[in-house]
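Please look through the sequence and the 3D structure below before reading on. The paragraphs that follow begin with one residue and its surroundings and then widen to the whole protein.

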Amino acid sequence: MPEPFTSIEKFTSFSAKWIMKTDTSRIHLYRRMDRFRDQLQHWLAVNKTEPASIEKLVVMASPHAVLQTQQADDDFFKSVTFPDRLSPRIPEIGRWHPEHFLSRKKLRTITRNICNADEPLGLNVFQTYHVHPNQIICGVQCPSCSKFGMHRLKARWHRHACGHLSKGAHVQAFKDYHPLFRPLITNRGCREFLLLESRNVVCRILKSPGMHSFGQGKGTFYRLVFDE
Ligand SMILES: [Zn+2]
């Protein structure tokens with residue numbers, strides 16, 4: 001039986017818990033799922049692919065996510081899952097559709113075409129949302145309490161108010177920087193964004209594994225690359 005297409009959206013959160021508190025959030029989630037399904041349907045039509053049955057499934061990326069909805073129905077919980085339950089959900093969804101819409105060969109071709117068509121979203125956040133770069137909150141956010149204002153202490157980040165220590169709190173700051181500005185950063189840009197004064201400290205952060213540099217001296221750029 002061919003696997004069904006699933007439109008999967010990841011919800012990630014910097015805070016420890018992502019809580020869906022209101023019914024409005026649930027309706028918003030439905031709308032987004034419908035939009036993704038419509039986009040996939042449109043993409044398939046443009047690429048001259050036969051119509052397929054498209055089921056929707058949201059994977060809550062954070063294992064700490066808590067779903068609290070006022071009027072959750074069965075359909076809602078059928079539409080949401082967690083990463084560790086994703087594997088059994090795929091064949092389960094397949095059983096809803098005993099018809100063979102697409103052959104495995106066709107499915108592989110479509111999968112390859114979708115992967116090939118994937119390209120970074122070249123969105124200018126500042127123009128699109130009428131936000132000025134000065135409005136961006138700089139600094140490193142505490143992974144424990146989500147407040148900004150962590151200080152660098154000997155290869156670790158520390159937030160005095162809550163006492164939390166973190167080795168990699170700056171990684172989230174880089175992940176925020178990436179879509180806002182560009183995947184490249186200089187030592188100076190990094191100092192301004194992380195609110196650090198020491199060029200050497202920033203140099204050590206930017207030379208951590210996974211960072212690729214090019215250029216020389218003050219013209220050195222570092223490419224922000226993330227595992228996920
Ligand atoms: Zn904290």
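Leaving aside neighbours within four places in sequence, Val-140 is in contact with Met-150, Trp-157, Ala-169, His-170, Ala-173 and Leu-194, where contact means that the C-beta atoms of two residues, placed from the backbone, lie within 7 Å. Residues are numbered from 1 along each chain as its sequence is written.

Val-140 and Ala-173 are the residues with the most contacts inside the largest nonpolar core, which has 15 residues; such a core is a set of buried Ala, Val, Leu, Ile, Met, Phe, Trp, Tyr and Cys residues joined through C-beta atoms within 7 Å, and a residue is buried if 20 or more other C-beta atoms lie within 10 Å of its own. At least two residues of this core come from each of helix H6 (169-180), helix H7 (187-194) and helix H8 (199-206), and H6 gives the largest share, four residues.

The protein as a whole has eight helices and eleven strands, these being DSSP runs numbered from the N terminus (helices: H or I, at least four residues; strands: E, at least two). Of its 228 residues, 12% count as buried.

This is a predicted model, in which local features need pLDDT of at least 70, side-chain atom pairs count only at pLDDT 80 or more, and totals for chains, interfaces and linings use all residues. The pLDDT, the predictor's confidence in each residue from 0 to 100, averages 79 over the protein, and 80% of the residues score at least 70. Confidence is lowest in strand S1 (residues 5-11), with a mean of 37, and highest in strand S8 (residues 165-166), at 96.
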